[in-house]
Every structure is written in structure tokens, then in C-alpha cells.
Amino acid sequence: MITVKNLHIFHGKNLLLDNINFHLSKGEKVALLGQSGSGKTLTSLALMHLLPKNLTATGEILYHNQKFHKKMRGSQIGMIMQSPAACFDQAFTMHHFFYDALASHNKTEKLHEKYFCEIIKTVGLENPQDILASYPFQLSGGMLQRIMIGLCLALETEFIIADEPTSDIDCIAEFEILELLKKLTQKQQTLLLITHNIKTATQIADRILVMHKGKLVDDFKTDTLYADNRHTFTKELITAHQNLTQNAWGINFHV
């Protein structure tokens, strides 16, 4: 479904992403794992063709063996951003965002409040009519994150990129968002989850890609995380995670 071939990204003469290659099959749930600054978000922006103008890219990104077209964005490719409060114009209600998203992609048969309410209920929010009448600043970060997921569902987007979807919300909302993303695994959407958290990756993904300093250094099925042939950096991430969860009281903090 998604094929990335020899992707390089430059800022001037500085190489930011170095020869990235991977393929995602339809319905696959994949985690892109790595430290901050490793190139994860940059990769996602390249997939969406939303790179800043001061960056240049070489290589090839194909969707169903076709080159990107801007009409694919929203209809075939959707993105859940990591800072939900910054993703919505504070001057408009949620009803406007649903209507505008569907209208701009010619989903005229779904341009009605009943459908909007169904989607809002699907992502676990109560009182959908009140939600539709609300402005972004009246909703919590977790609620806005659910709305973004709902917009992808409403558009029936087949490929969803979730860029650190729990980084800007509290731990309770984080758990709920992860449970919601798990439900996507029951559908045929392809999911690319960007995260720095190994546990989050193993909870969601069938397969894990590991990035380090702009390079893709590991690619493996989730159930082989502890195999001996894992890359050195992957092993470092595992060790760091294990050290983080260890404590003098023997308590499992479920990090």
C-alpha cells in the first residue's frame, strides 16, 4: 500500500534523513519508534507531503504504486497530530470542522448532523450535539485528540498517521486514546504510530520500525522485540525502558 524508496531529506547541505526504505501493507499496524530528533515526525511529514519549504527531499513515496497527489490528503491519507489544541482554529465550532472536512472531499451524502454525532459516539464522547456546538478551547486535549481520530474515521481514510498522539494529554486520557487506536486494528485502516515509548509500540503495533539519527536501523515483528539479532540501538531502548520501570519497592508502574 505505502512504499518508501531511498528517501533523503536535506536542509541545505545537511542530511536529515538518510536513505529511508520501508513498505506498509493494507491493514498493517506499524510503530515508528525512536528518540526525539531521530527523524520520526520528519518522516511522517514527508509521507503527507507537508515538509517545510526550507527542506528538500529525494527518493520516492508511492501509494498503491501511484505518486502522491494532493487529493489523497484527507481522503486516503490522514494524520493525527501530537498537539491537538494547536490543530484547531479557535474561531470555529466542531460542527464546522466536520462539515468542512467532509464537504472539501465531496462526501455530500454525509453532510448532516446525525452522521457527525455517530462518529463522535464512535470515538467515545458523550453528548455529541454539545460537542458539535463547542469551540476547541472549550474541550480538553483528550477530547480534541478523539475528534481528530473521528475526522479520519468520518472521511474513511485508509491510511492514518498518528504522531505521538498521547504526548500532550494526561495519563488517563492517554490510556483511553490508546484503547481507541486499538479499535482501529479491528478495521482495515493502515496505521503508522509514531512514538518514543516501547510499551506503547508493543501495545498497538504488529511491526516496529526503529529510527536513530535520521536512519532506519531496525525493522521487525513486534513479537521478536527481544530477539538476539536486534540492532544495538533497539537494545539500548529496551534497557532504558526496563531501567525506567525498576524501583526499590518492586512496584510495576506500567510505563
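Biologist: How much space lies in the largest pocket?

Modeller: In this predicted model, the largest pocket holds about 510 Å³ of space. Its lining counts 21 residues, and those closest to the centre are Gly-74, Met-79, Ala-101, Leu-151 and Leu-155.

Biologist: What makes a residue part of the lining, and which elements each supply at least two residues?

Modeller: A lining residue has an atom within 4 Å of a point of the pocket. Helix 2 (72-75), strand 6 (77-80), helix 3 (94-104) and helix 6 (141-154) each supply at least two such residues. The largest share, five residues, comes from helix 3.

Biologist: Why is the pair of Phe-88 and Phe-97 called edge-to-face?

Modeller: The search of the whole structure finds four aromatic pairs. For Phe-88 and Phe-97 the centres lie 4.9 Å apart, within the 6.5 Å limit, and the planes stand at 80 degrees, over the 60 required; therefore the pair is edge-to-face. Both Phe-88 and Phe-97 are buried, which means that each has under 20% relative accessible area.

Biologist: Which residues of helix 4 (residues 113-122) are buried, and what do they pack against?

Modeller: The buried residues are Tyr-115, Phe-116, Cys-117, Ile-119 and Ile-120. They pack against helix 3, helix 5 (128-132) and helix 6. Helix 4 is followed by Gly-124, which has a positive phi near 85 degrees.

Definitions and conventions:
Residues numbered from 1 in each chain as written. Predicted model: local features only at pLDDT ≥ 70, side-chain atom pairs only at ≥ 80, totals over all residues. Heavy atoms only, no water. Phe/Tyr/Trp six-rings, centres within 6.5 Å; stacked < 30°, edge-to-face > 60°. Buried < 20%, exposed > 50% of the residue type's maximum accessible area, 1.4 Å probe, protein only. 1 Å grid on protein atoms, 1.4 Å probe; cavity = no way out; pocket = protein on both sides within 12 Å on 5 of 7 lines; lining within 4 Å. Points joined across faces, edges and corners; volume = space filled by probe spheres on them. Helix = DSSP H or I, 4+ residues; strand = E, 2+ residues; numbered from the N terminus. Contact = heavy atoms within 4.5 Å.
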